Amino acid sequence: MATDNGTDSPVPRERVRAVHEMTLDAPGQEPPFLDLALLEARARDSLPRAVFDYYAGGSETETTMREAPDSWRSWRLRPRVLRGVTAPRLGTELLGSAVGTPIGVAPWAYQGMAHPDGELATARAAVATGALMTASTSATHTLEEIVAETGDSPAWFQLYRLHSTAHTEDLARRAGDAGYRALVMTVDVPLLGRRHRDLTNAFALPEGLRMANHPAAGDERPDLRDLATATWTFDDIARFGEVSGLPVVVKGVLRGDDAVRCVQAGASAVWVSTHGGRQADPAIASAHALPEIVDAVGDDAEVYADGGIRTGSDVLTALALGARAVFLGRPTAWGLADGGADGVARVLAGLTEELAHMMVLCGLEDVRSVPRDSVRAAR
Ligand SMILES: Cc1cc2nc3c(=O)[nH]c(=O)nc-3n(C[C@H](O)[C@H](O)[C@H](O)COP(=O)(O)O)c2cc1C
């Protein structure tokens, strides 16, 4: 949810808050639909302020983050009628791996702050719902521990370029050895966006948690500068594909010309993303960049999108605009804080259910072939 009251619905803020407070006061009364605003409100209630702000916040003016959900709704569905669709097909293939839903888990850092099982719980939820799990470089469990939870189900590993080339290469190699199916190179963090909430809170990982993929303090104290993010180059795409032995997904692309260069440099897929509005701001929304990138890349690579996806119709819009899959960040954080693996599974299954429902309403039978003319600009 992008807004400060935890909702993007047109219902007046005071009324939304009143409803949430009623529900918060009456635990056990679950709403009969996936209520992400309620989950966010509960997370705001239960998590330490600095942790909630780290998850919820964006960079600079937070414009990119705030606008993201609405940008999907700047498109309108054009339902088809009389098509006899009752049970749409939800499964698809991502880089050759079968998944049960086109809704995956985006890599997000420090999941141990939301729940003690952290990334392990999220991975279990992904497996239970047929969703793809993406593990972050900045996880609070090791990449080997996380992939062990996914068994035969596919998982991807997200890699930052770190100042230490040796450590970055080591992570890529470990991801390949551990059984991940793709390497997601996040390219929108040459340095960290200015996140005012985190700066105000002097955010730091709470006592007892650590970036588990990095060398442990104590063994040989890591030099923090070595672990800061740095800039990838186009040449790194082929090189890190080779080091890891995995197909490369480039995450954080917002321009058609960049997408083409990534594919020419060896990327198998391009992931359209503003990093949840945590980096460049105000940046073009994924929902507006996606068509240009799909058109530029054509059939040469798969294209995915994330940022502000909160409803089944948001997912359907992204599929119509040419995304093969979408990914969720914050909604899975609120689910994890609310109920561990079960909480994340409720979010993933709930959104997949909403997608299926909306596909029936729109006469669409297969997530793999949602035509572009299923949507048009609202204005
Ligand atoms: C708390 C948080 C931490 C994140 N950490 C990472 C990360 O470690 N690596 C990465 O590639 N993206 C990271 N992201 C970006 C997500 O992968 C994703 O692009 C974004 O959350 C999608 O937007 P949404 O939160 O509106 O769904 C993070 C996002 C959030 C909210």
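**The model and its confidence**

This is a predicted model. The chain averages a pLDDT of 92. Of the residues, 90% score at least 70. Where pLDDT is low, the predicted coordinates should not be read in detail.

Two packed helices are described by the angle between their axes and the distance between the axes.

| Pair | Residues | Angle | Axis distance |
|---|---|---|---|
| α13 and α14 | 312–320 and 330–361 | about 65 degrees | 7 Å |
| α11 and α12 | 256–264 and 286–297 | about 40 degrees | 8 Å |
| α7 and α10 | 165–178 and 234–244 | roughly 50 degrees | within 7 Å |

Start with α13 and α14. They pack at about 65 degrees. The two helices are therefore roughly perpendicular to each other. Their crossing is right-handed. On the α13 side, the contact is made by Gly312, Ser313, Val315 and Leu316. On the α14 side, Leu351, Glu354, Leu355, His357, Met358 and Met359 take part. By class, this contact has six nonpolar, three polar and one charged residue.

Next come α11 and α12. They pack at about 40 degrees. That angle makes α11 oblique to α12. The crossing of α11 and α12 is right-handed. Helix α11 brings Gly256, Ala259, Val260 and Val263 to the contact. These meet Glu292, Ile293, Asp295, Ala296 and Val297 in α12. The contact of α11 with α12 divides into six nonpolar, one polar and two charged residues.

The last pair is α7 and α10. Their axes cross at roughly 50 degrees. So α7 is oblique to α10. From α7, the contact residues are Glu169, Ala172, Arg173, Ala175 and Gly176. They meet Phe240, Val243 and Ser244 in α10. Four of the residues in the contact of α7 with α10 are nonpolar, two are polar and two are charged.

**Two backbone details in loops**

Now look at the loops. The peptide bond from aspartate 281 to proline 282 is cis. Its omega is near -5 degrees. Proline 282 sits in the loop between β9 (269–272) and α12. Helix α12 is also the partner of α11 described above.

Leucine 95 is the other case. Its phi is near 50 degrees, a positive value in a residue other than glycine. Leucine 95 lies in the loop between β2 (92–94) and β3 (97–99).

Terms used: Residues are numbered from 1 along each chain as its sequence is written. This is a predicted model: local features need pLDDT of at least 70, side-chain atom pairs count only at pLDDT 80 or more; totals for chains, interfaces and linings use all residues. Axes are lines fitted to C-alpha atoms, for helices over the stretch in contact, and angles run from 0 to 180 degrees between N-to-C directions. Helices (H or I, at least four residues) and strands (E, at least two) are DSSP runs, numbered from the N terminus. Angles under 35 degrees count as roughly parallel, over 145 as roughly antiparallel, 65 to 115 as roughly perpendicular and the rest as oblique. A crossing is left-handed if the near helix is turned anticlockwise from the far one by less than a right angle, and right-handed if clockwise. Two residues are in contact if their C-beta atoms, placed from the backbone, lie within 7 Å. Ala, Val, Leu, Ile, Met, Phe, Trp, Tyr, Cys and Pro count as nonpolar, Asp, Glu, Lys and Arg as charged, and the others, Gly among them, as polar. pLDDT is the predictor's confidence in each residue, from 0 to 100.
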